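Dear colleague,

I am handing over the structure below, and the notes that follow set out what was found in it. Please read them with the model open beside you.

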Amino acid sequence: MANLNIPISVLNLAPIREGQTSNEAIESMVDLAQATEKMGYKRYWIAEHHNTSTLVSSATAILIKHTLEHTDSIIVGSGGVMLPNHSPLVVAEQFGTMATIYPNRVDLGLGRAPGTDMLTASALRRSQKDSVYTFPEDVNALLTYFGPEEDQGYVKAHPGVGTNVPIYILGSSTDSAYLAASLGLPYVFASHFAPRYMADAIKIYRERFKPSKYLDKPYMMVCLNLIAAETDEEAAVLQTSTHQFFLNVVRGTQMQLQPPVNSLDGLWNPQEEEMARSMSSVTLLGSKDSVRNQLTAFQERFNVDEIMAVSYIFDPEKQKRSYEILREVVEGK
């Protein structure tokens with residue numbers, strides 16, 4: 001029997017809806033955090049993207065701090081900090097400071113991609129060498145900075161030492177599965193936009209996991225898309241905003257999150273449709289019964305420890321309802 005009674009969490013890329021200002025998009029991000037906190041969601045993660053006019057998630061640590069200030073109990077973290085863009089020491093100081101102000105409420109999810117195009121990545125990079133390849137060393141440096149005083153070298157993160165900020169390895173390929181397993185850290189797979197290697201990555205992580213002082217057994221989280229509504233028909237219409245979001249990615253265009261449409265015919269060609277649908281293929285879609293059936297099938301196959309849902313729904317109230325329906329499903333209501 002599939003276990004549906006698992007922790008559920010939220011990922012937010014902080015998109016700007018059509019007609020919104022950047023400030024209003026940040027307000028929407030906080031509003032959703034407050035709503036999902038009341039629903040009992042475990043954590044609320046905010047992404048990192050650069051040179052993207054349709055998202056406001058470039059200064060991730062600042063958005064996390066802002067969200068922590070306006071919530072009471074939900075864990076707030078990064079999904080993720082793209083480590084090649086940052087000095088591990090600076091990340092440790094930022095997250096160590098937040099963990100000092102908000103104990104036990106800060107997560108650090110780490111990715112090795114730049115979160116942007118290569119030209120912007122070169123403008124962000126802290127050195128001319130490709131810091132993507134130093135990712136394992138940088139993760140270990142962060143584990144040390146957050147660890148006990150006796151493990152520190154000459155350079156320390158103040159605040160940061162002894163805060164034990166939980167670190168999660170994020171991935172969209174199998175590479176990160178090997179790293180998370182070897183370090184004995186929890187692993188989060190980005191099925192919401194890169195589902196192709198999900199099954200392989202989960203298998204590799206579980207088979208190769210080495211118990212550590214951070215974790216005694218594998219902890220597997222999967223991020224997926226969520227479009228839940230009162231009926232399957234309504235959800236299908238709401239999903240057109242998601243499809244337009246991914247069409248943006250396929251085309252490399254900068255269009256704000258669009259309202260739903262009755263049909264996408266004429267908006268995309270067959271090749272674009274195939275690419276956009278394949279990127280978003282891991283989606284819980286439809287009514288409560290449909291979502292329950294889909295989640296049951298997913299858990300029967302993968303039995304993950306936590307679901308992190310991202311929901312590109314144009315209407316903020318319908319977006320909240322989508323998260324509410326998922327909560328009702330895992331609670332057996």
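Let me begin with Tyr197, which, once residues up to four places away in sequence are left out, touches Ser172, Ser173, Thr174 and Phe189, where touching, or contact, means heavy atoms within 4.5 Å. This is a predicted model, in which local features need pLDDT of at least 70 and side-chain atom pairs count only at pLDDT 80 or more, while totals for chains, interfaces and linings use all residues. Residues are numbered from 1 along each chain as its sequence is written, and side-chain values use heavy atoms, with hydrogens and water left out.

Tyr197 sits in the loop between strand S6 (187–190) and helix H7 (198–208); helices (H or I, at least four residues) and strands (E, at least two) are DSSP runs, numbered from the N terminus. With a relative accessible area of 34%, Tyr197 is partly exposed, on a scale where buried means under 20%, exposed over 50% and partly exposed in between, for a 1.4 Å probe and protein chains only. From C-alpha to C-alpha, Tyr197 and Ser28 are 32 Å apart in space, and they are 169 residues apart in sequence.

Met198 lies in helix H7 and counts as buried, because its relative accessibility is 6%. Not counting residues up to four places away in sequence, Met198 touches Phe189, Ser191, Val222, Val282, Phe298 and Phe302.

Glu306 belongs to strand S9 (residues 306–310) and is buried, at 0% relative accessibility. Its side chain makes a polar contact of 2.8 Å with the side chain of Arg43, and another polar contact, of 2.6 Å, joins the side chains of Glu306 and Tyr219. A polar contact here is a pair of N or O atoms within 3.5 Å; within protein, one must be able to donate a hydrogen and the other to accept it, and residues adjacent in sequence count only if both atoms are side-chain atoms. Apart from neighbours within four places in sequence, the residues in contact with Glu306 include Ile6, Pro7, Ser9, Lys42 and Met220.

Helix H5 (residues 135–146) has twelve residues and reaches 17 Å from its first C-alpha to its last, close to the 16 Å expected at 1.5 Å a residue, the expected span being 1.5 Å times one less than the number of residues. The buried residues in H5 are Phe135, Asp138, Val139, Leu142, Leu143, Tyr145 and Phe146. They cover an arc of only 165° around the axis, so they lie on the same side of H5; the arc is that of the directions from the helix axis to the C-beta atoms. Among what covers these buried residues are helix H3 (88–101), strand S4 (106–111), strand S5 (167–171) and helix H6 (175–183).

Finally, the pockets and cavities. On a 1 Å grid over the protein atoms alone, a cavity is a set of points where a 1.4 Å probe fits but cannot get out, and a pocket is an open set with protein on both sides within 12 Å along at least five of seven lines; lining residues have an atom within 4 Å of a point. The second largest pocket is lined by 15 residues, of which Asn164, Val165, Pro166, Ile167 and Tyr214 lie nearest its centre, and H5 and S5 each supply at least two residues of that lining. The largest cavity has a lining of 17 residues, with Asn12, Ala14, Pro15, Arg17 and Gln319 nearest its centre. Strand S1 (8–12), helix H1 (22–39) and helix H11 (316–330) are the elements that give two or more residues to this lining, and the largest share, four residues, comes from H1.

With kind regards
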